[in-house]
Amino acid sequence: MCGTNQERNTGNQLLRVEGLEKEGILQGVSFQMEPGEMLAVMGPSGSGKSTLLYQTAGMDRPSGGRVWLKDTEITGLSEDEKARIRLHRMGFVFQQMNMIANLNLLDNILLPALQANKGKHRRPRRELEAAARELMGKLSLGGLEGRRITQVSGGQLQRACICRSMINGPEILFADEPTGALNRSAAAEVMGELEKLNREGTAILMVTHDGKVASSCHRILYLLDGRIRGELALGRPRMETGKLREERITRWLGGMGW
């Protein structure tokens with residue numbers, strides 16, 4: 001990594017955000033994530049949720065504050081260095097799926113792998129295709145490799161987006177309303193796959209307005225007027241049913257005034 005970045009010993013923390021600010025939007029937001037954690041950010045429209053996500057991932061420059069991914073300070077990197085971090089160490093799933101219309105599902109999933117596949121350790125394309133097909137199989141998309149994006153359901157398309165986000169083995173997945181454009185059935189399918197990835201060790205930072213979606217997470221931050229106003233620790237889903245977790249979230253959000 002280029003010497004322009006600053007480093008800090010963050011212990012076992014995967015992500016550390018300190019005093020993040022964006023003029024008129026964020027007001028000194030701080031939080032941490034542990035490896036393998038699934039964290040939701042909730043709050044009313046206009047509270048700064050998506051801005052927080054994009055600035056944490058280095059997609060937008062904050063007016064103040066600092067962000068570390070393990071020992072790498074993202075806010076201290078150049079734009080090219082941040083782009084490399086996003087390509088190699090982060091994955092992204094958005095409400096708007098941003099697939100390329102003239103490519104089939106397999107080729108859309110392969111794009112980040114082809115972008116990252118440079119230098120002396122370059123891998124043959126057949127190996128990358130095999131990895132993409134394996135991901136598609138895990139997310140119940142086997143046999144759809146040649147389909148265009150208009151030839152699959154919304155749930156299948158979002159699962160393909162998850163495959164694309166995971167193709168380079170990211171340390172953390174950023175998800176901005178990943179089920180917002182889906183019906184309940186498709187949303188449940190997508191959340192099931194995200195839960196599976198999380199159980200396998202992928203950390204997920206997710207923006208959502210949906211209590212059912214948030215019930216899959218280990219912890220929830222409540223953002224209002226650019227500040228974190230509350231935190232709910234749910235723990236990992238084990239014996240507690242999803243319905244009970246949803247009820248806890250509903251009561252908590254009510255106490256937050258939402």
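**Pockets, sheets and a helix**

Reader: By class, how many nonpolar, polar and charged residues does the lining of the second largest pocket have?
Author: This is a predicted model, in which local features need pLDDT of at least 70 and side-chain atom pairs count only at pLDDT 80 or more, while totals for chains, interfaces and linings use all residues. Residues are numbered from 1 along each chain as its sequence is written, and side-chain values use heavy atoms, with hydrogens and water left out. With Ala, Val, Leu, Ile, Met, Phe, Trp, Tyr, Cys and Pro as nonpolar, Asp, Glu, Lys and Arg as charged, and the others, Gly among them, as polar, the lining has five nonpolar, four polar and eight charged residues.

Reader: How much space lies in the second largest pocket, and which residues are the closest to its centre?
Author: A pocket is an open set of points on a 1 Å grid over the protein atoms alone, where a 1.4 Å probe fits, with protein on both sides within 12 Å along at least five of seven lines; lining residues have an atom within 4 Å of a point. Its volume is the space filled by probe spheres set on the points, which are joined across faces, edges and corners, and here comes to about 260 Å³. Of the 17 lining residues, the closest to the centre are Met191, Glu195, Lys212, Ser215 and Ser216.

Reader: Which helix gives the most to the lining of the second largest pocket?
Author: Helices (DSSP runs of H or I, at least four residues) and strands (runs of E, at least two) are numbered from the N terminus. Helix 6 (184–199), helix 7 (211–214) and helix 8 (242–255) each supply at least two residues of this lining. With five residues, the one that gives the most is helix 6.

Reader: Which residues lie nearest the centre of the largest pocket?
Author: The largest pocket holds about 410 Å³ of space, and its lining has nine nonpolar, six polar and two charged residues. Helix 2 (79–89), strand 6 (90–94), helix 3 (105–116) and helix 5 (154–166) each supply at least two residues of that lining. Among the 17 lining residues, those nearest the centre are Leu87, Phe92, Pro112, Gln115 and Arg164.

Reader: Why is one side of strand 2 and of strand 5 left without a neighbour in the sheet?
Author: Strands pair if DSSP finds at least two bridges between them, and the open sheet of four strands has the order 2-1-4-5, with antiparallel pairing. Strand 2 (26–33) and strand 5 (72–73) stand at the edges, so one side of each lacks a neighbour, each having a single partner strand.

Reader: By how many degrees does the open sheet of six strands twist, on average, from one strand to the next?
Author: This sheet has mixed pairing and the order 6-7-8-3-9-10, with strand 6 and strand 10 (227–233) as the edge strands. Angles run from 0 to 180 degrees between N-to-C directions of axes, which are lines fitted to C-alpha atoms, for helices over the stretch in contact (heavy atoms within 4.5 Å). From one strand to the next, the twist averages 20°.

Reader: Which residues of helix 1 are buried?
Author: Helix 1 (residues 49–56) lies across strand 1 (15–22), strand 2 and strand 4, running at about 120° to strand 1. The buried residues are Lys49, Thr51, Leu52, Leu53, Gln55 and Thr56.

Terms used: Buried means under 20% relative accessible area, exposed over 50%, partly exposed in between (1.4 Å probe, protein chains only).
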